[in-house]
Amino acid sequence: MGIYVIVIVFMLASMWVSWRLKSKFKKYSEIPLQSGYTGREIAEMMLADHGITDVRVISVAGRLTDHYNPADKTVNLSEYVYEARSAAAAAVSAHECGHAVQHAKAYSFLKFRSAMVPALSIASRYMQWIILIGIFMLQTTPIPLAIGVGLFALTTLFSFVTLPVEFDASKRALAWIGTNNIVNKQEYAMSKDALKWAAMTYVVAALGSLATLLYYASLLLGRRD
């Protein structure tokens with residue numbers, strides 16, 4: 001029952017945070033930006049101000065699909081941000097450019113997270129099956145579950161390494177839009193609030209992963225006792 005309680009608690013927390021994020025984004029998307037800049041223009045200006053000339057700003061389909069791709073050096077802005085002129089668009093476009101700045105400056109946590117991706121892709125592919133087999137075989141041998149816990153620990157570590165990467169990108173974004181006349185005082189507060197709720201989605205995911213890891217670890221340690 002323990003794992004079900006953990007899943008339900010963090011599923012509800014994730015749904016609530018996601019709802020708050022969408023609500024905030026919708027609200028701040030409806031307020032015109034006094035400077036009149038679009039998300040695309042803001043991204044291009046921030047990249048230029050940091051001397052980054054090899055990153056393209058492109059539009060992608062969907063809502064809240066914005067991301068920076070270090071593989072092809074593109075800042076991908078959703079259609080609701082790319083041509084939008086709002087505090088939400090300013091926050092999101094600058095945040096994604098914050099990741100591009102991290103990449104250009106070889107930010108340590110971003111490098112560490114990127115280095116984990118190959119191992120993480122393999123771990124996530126087999127982890128759940130190994131854990132399931134490990135639970136069924138727990139009374140016979142703890143080895144499969146121990147392997148599964150190790151793989152899950154890797155995904156949990158990745159979740160926590162992601163936190164400083166996201167927080168730092170938001171910090172860079174807010175500092176830049178606040179000092180370059182992109183937003184006024186009221187719009188800055190909106191941008192900061194939107195990014196706060198975006199960061200909360202990562203916090204909930206990391207805590208949920210940690211709680212699940214501790215549960216699986218307790219099963220393993222209980223078997224050894």
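A residue is called buried when its relative accessible area is under 20%, exposed when that area is over 50%, and partly exposed in between, using a 1.4 Å probe and protein chains only. By this rule Asp-193, at 15% relative accessibility, counts as buried. The structure described here is a predicted model, in which local features need pLDDT of at least 70 and side-chain atom pairs count only at pLDDT 80 or more, while totals for chains, interfaces and linings use all residues. Residues are numbered from 1 along each chain as its sequence is written, and side-chain values use heavy atoms, with hydrogens and water left out.

- When residues up to four places away in sequence are not counted, the contacts of Val-75 (heavy atoms within 4.5 Å) include Leu-47, Val-57, His-67, Glu-96 and Ala-100.

**Helix α2**

- The buried residues of α2 are Gly-39, Ile-42, Ala-43, Met-46 and Leu-47.
- Seen down the axis of α2, these buried residues fall within an arc of 130 degrees, so they line one face of the helix; the arc is that of the directions from the helix axis to the C-beta atoms.
- That buried side packs against β1 (56-60), β3, α3, α4 and α6, whereas the face turned away from it carries the exposed residues Ala-48 and Asp-49.
- Just after α2, Gly-51 takes a positive phi of about 70 degrees.

**Salt bridges**

- The structure holds eight salt bridges, each being a side-chain nitrogen of Lys or Arg within 4 Å of a carboxyl oxygen of Asp or Glu.
- One of them joins the side chains of Glu-83 and Arg-40 (3.6 Å, N to O), and this pair links distant parts of the chain, since Glu-83 lies in the loop between α3 and α4 and Arg-40 in helix α2, 43 residues apart.
- Glu-83 counts as partly exposed at 43% relative accessibility, and Arg-40 also counts as partly exposed, at 21%.
- Another salt bridge brings together the side chains of Lys-73 and Asp-54 (2.6 Å, N to O); Lys-73 is in the loop between β2 (67-69) and β3, and Asp-54 is in the loop between α2 and β1, 19 residues apart.
- Asp-193 forms a salt bridge with Lys-196, the closest N and O atoms being 3.4 Å apart, and because the two are three residues apart in helix α7, they are separated by about one helical turn.
- Lys-196 counts as partly exposed at 45% relative accessibility, and salt bridges that share partners join Lys-24, Asp-193 and Lys-196 into one network.

- Asp-168 is placed in helix α6 and counts as buried at 15% relative accessibility.
- Leaving out residues up to four places away in sequence, Asp-168 touches Gln-102 and Tyr-107.

Key: Helix = DSSP H or I, 4+ residues; strand = E, 2+ residues; numbered from the N terminus.
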